[in-house]
Amino acid sequence: MSAPADITPAKGPVIAVVGPSGVGKDSLMSGLAVADPRLRSMRRVITRAPEAGGEDYQPVSEAEFAALVEADVFALHWNAHGLRYGVPRDIEKLRIGASGVLVNLSRAVLLQAQEVFDDFRVISVTARPEVLAERLAGRGREDADEVKRRLARASLALPEGLKQVYEVDNSGDLCAAIVQAQSIIQAKRG
Ligand SMILES: Nc1ncnc2c1ncn2[C@@H]1O[C@H](COP(=O)(O)OP(=O)(O)O)[C@@H](O)[C@H]1O
Ligand SMILES: O=P(O)(O)OC[C@H]1O[C@H](OP(=O)(O)OP(=O)(O)O)[C@H](O)[C@@H]1O
């Protein structure tokens, strides 16, 4: 008698959406998720006030975040903009049967992420500098000083050594950027 077939659904890739503050990462991720219900989005743990708005995240205190690190809950965690961000290991469960799992990552943790996840792709979102400044001011989540600090970090380069990086320009229409990202994700499903 032959061995029973493995009926575990395949795991989708982890798709990091990265780029400077205000470039449209969250907007792009929301648009992609609406268009493809099998594309999941990873909810991050952030030491940001619960009422800040924007993306769906799990707000925690500094002490709670430290306890989660201690308990080894995170697949990845990092500091940026005076905040701490974590991606729980539960991301592996979301991958099962998904066409992919979108996650907003710091450009600074991409090489580490490539080591952690067995199928890892990067969508690098870009926009012209004047567009970034206008969008950050328009979003209104940060004060003027924080907007300046975020703009100063905008040109941070992607690390060398990433195996699968695809660029999406979001300087113009968001729908056009969503279509561009969809074609990248679908082409890579092969
Ligand atoms: N293509 C676009 N055209 C116009 N406004 C956009 C576009 N993409 C994003 N935005 C707006 O720009 C601001 C920043 O977008 P957001 O998705 O929060 O960026 P990020 O997550 O990269 O910081 C938001 O107010 C959003 O609605
Ligand atoms: O190292 P960098 O690539 O510059 O990224 C730094 C941080 O900025 C983004 O956070 P967040 O989503 O809170 O901010 P944003 O929406 O304004 O980009 C990103 O997810 C990182 O956590």
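**Exercise 1.** How far does a polar side-chain atom of Ser21 lie from an oxygen atom of ligand 2?

*Solution.* Before the distances are read, note that this is a predicted model, in which local features need pLDDT of at least 70 and side-chain atom pairs count only at pLDDT 80 or more, while totals for chains, interfaces and linings use all residues. Residues are numbered from 1 along each chain as its sequence is written, chains are lettered from A and ligands numbered from 1 in the order in which they are written, and side-chain values use heavy atoms, with hydrogens and water left out.

Step 1: the polar side-chain atom of Ser21 lies 2.4 Å from an oxygen atom of ligand 2, where a polar contact is a pair of N or O atoms within 3.5 Å.

Step 2: Tyr85 also places a polar side-chain atom 2.8 Å from an oxygen atom of ligand 2, and for Arg139 the corresponding value is 2.9 Å.

Step 3: of the 500 Å² of accessible area that ligand 2 has on its own, the protein covers 98%, as computed by the Shrake-Rupley method with a 1.4 Å probe.

**Exercise 2.** Find the order of the open sheet of 5 strands, and its edge strands.

*Solution.* Step 1: the order is β2-β7-β1-β8-β9, with parallel pairing; strands (E, at least two residues) and helices (H or I, at least four residues) are DSSP runs numbered from the N terminus, and two strands pair if DSSP finds at least two bridges between them.

Step 2: β2 (39–41) and β9 (165–169) are the edge strands, each pairing on one side only.

Step 3: β8 (residues 120–126) and β9 are joined in the parallel sense over 5 bridges, and Ser124 has Glu167 in β9 as its bridge partner.

**Exercise 3.** Which residues of α1 meet α7, and at what angle do the axes cross?

*Solution.* Step 1: Ser27, Leu28, Gly31, Leu32 and Ala35 in α1 meet residues of α7 that include Leu174, Ala177 and Ile178, contact meaning heavy atoms within 4.5 Å.

Step 2: the two axes come within 9 Å and cross at roughly 65°, the axes being lines fitted to C-alpha atoms, for helices over the stretch in contact, with angles that run from 0 to 180 degrees between N-to-C directions.

**Exercise 4.** Why is one side of β4 and of β5 left without a neighbour in the sheet?

*Solution.* Step 1: the open sheet of 4 strands has the order β4-β3-β6-β5, with mixed pairing.

Step 2: β4 (57–59) and β5 (74–80) stand at the edges with a single partner strand each, so one side of each has no neighbour in the sheet.

Methods
Polar contact = N/O pair within 3.5 Å; in protein donor to acceptor, adjacent residues only side chain to side chain.
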